[in-house]
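Please keep the sequence and the structure in view while reading.

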Amino acid sequence: MTDSLSSDVQNRLQWSLLSLRVGVFIVMVMWTFDKFVNPGHSARIFEHFYGISGSTDMVAYIIGAVQLILVLAFLAGIKKRITYGIIFIIHGLSTLSSYNQYIDGFNNLLFFTAWPMWAACFALYLLRDQDVKYTVK
């Protein structure tokens with residue numbers, strides 16, 4: 001009985017981690033595509049949230065290309081310690097850099113969705129060795 005319960009819990013955990021990984025990937029890949037489709041938007045985000053001005057379309061394309069490699073590696077579960085860790089850090093910096101939006105929370109409710117996603121990134125990082133469903137070995 002214990003072995004079947006353990007196997008059932010392990011199976012459920014693997015499916016849960018896969019769903020978190022795919023969900024985080026969907027958000028991250030859309031932000032990645034935004035750098036290619038609307039590089040001016042990226043420049044405005046860099047300036048407004050990170051204080052980095054003077055970004056060009058080429059900078060957005062380069063960052064987008066590197067980010068695309070990262071999010072695809074994350075989705076595939078390649079080098080999980082590194083890719084999951086970088087995704088956690090990048091999303092954390094993004095979440096924390098939006099602090100002004102949290103002060104005026106009721107006019108910026110969508111910014112609060114970053115917190116559960118950051119928690120998902122943290123859970124994936126902590127449980128990366130158990131996240132084995134549909135990953136590259």
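Helix α1 makes the largest contribution to the nonpolar patch, giving six residues. The patch lies on the surface and consists of Val22, Ile26, Met30, Phe33, Phe36, Val37, Met58, Tyr61, Ile62 and Val66, which together have about 950 Å² of accessible area. Two elements give two or more residues to it, α1 (2-37) and α3 (57-76). A patch is built from residues with over 30% relative accessible area and no salt bridge, with like charges joined within 9 Å and nonpolar side chains (Val, Leu, Ile, Met, Phe, Trp, Tyr) within 5 Å. Salt bridge here stands for a side-chain nitrogen of Lys or Arg within 4 Å of a carboxyl oxygen of Asp or Glu. Areas are from the Shrake-Rupley method with a 1.4 Å probe, and for residues only the protein chains shown count as cover.

The model is a predicted one: local features need pLDDT of at least 70 and side-chain atom pairs count only at pLDDT 80 or more, while totals for chains, interfaces and linings use all residues. Residues are numbered from 1 along each chain as its sequence is written, and side-chain values use heavy atoms, with hydrogens and water left out.

As a whole, the protein has six helices and zero strands, in the order α-α-α-α-α-α from the N terminus. Helices (H or I, at least four residues) and strands (E, at least two) are DSSP runs, numbered from the N terminus. Along the principal axes, the C-alpha atoms fill a box of roughly 60 × 35 × 20 Å. Of the 137 residues, 36% are buried. Buried means under 20% relative accessible area, exposed means over 50%, and partly exposed is in between (1.4 Å probe, protein chains only).

How many aromatic pairs does a search of the whole structure find? There are ten. Ring pairs join Phe88, Tyr102, Phe112, Trp115, Trp118 and Phe122 into a cluster. Rings of Phe, Tyr and Trp (its six-membered ring) pair if their centres lie within 6.5 Å; planes under 30 degrees apart are stacked, over 60 edge-to-face, and the rest tilted. Separately, Arg128 places its charged end over the ring of Tyr125, 4.2 Å from the ring centre. This label requires NZ of Lys or CZ of Arg within 6 Å of the ring centre and within 35 degrees of the ring normal.

Some single residues remain. Lys79, in the loop between α3 and α4, has a positive phi of about 45° although it is not a glycine. Its relative accessible area is 60%, so Lys79 is exposed. Tyr134, in the segment after α6, also is not a glycine and has a positive phi of about 60°. Tyr134 counts as exposed because its relative accessibility is 62%.

Is Ser98 buried or exposed? Ser98, in the loop between α4 and α5 (99-103), is buried because its relative accessible area is 6%. Val66 in helix α3 counts as exposed, at 54% relative accessibility. Ser98 and Val66 are 32 residues apart in sequence and 23 Å apart in space, C-alpha to C-alpha.
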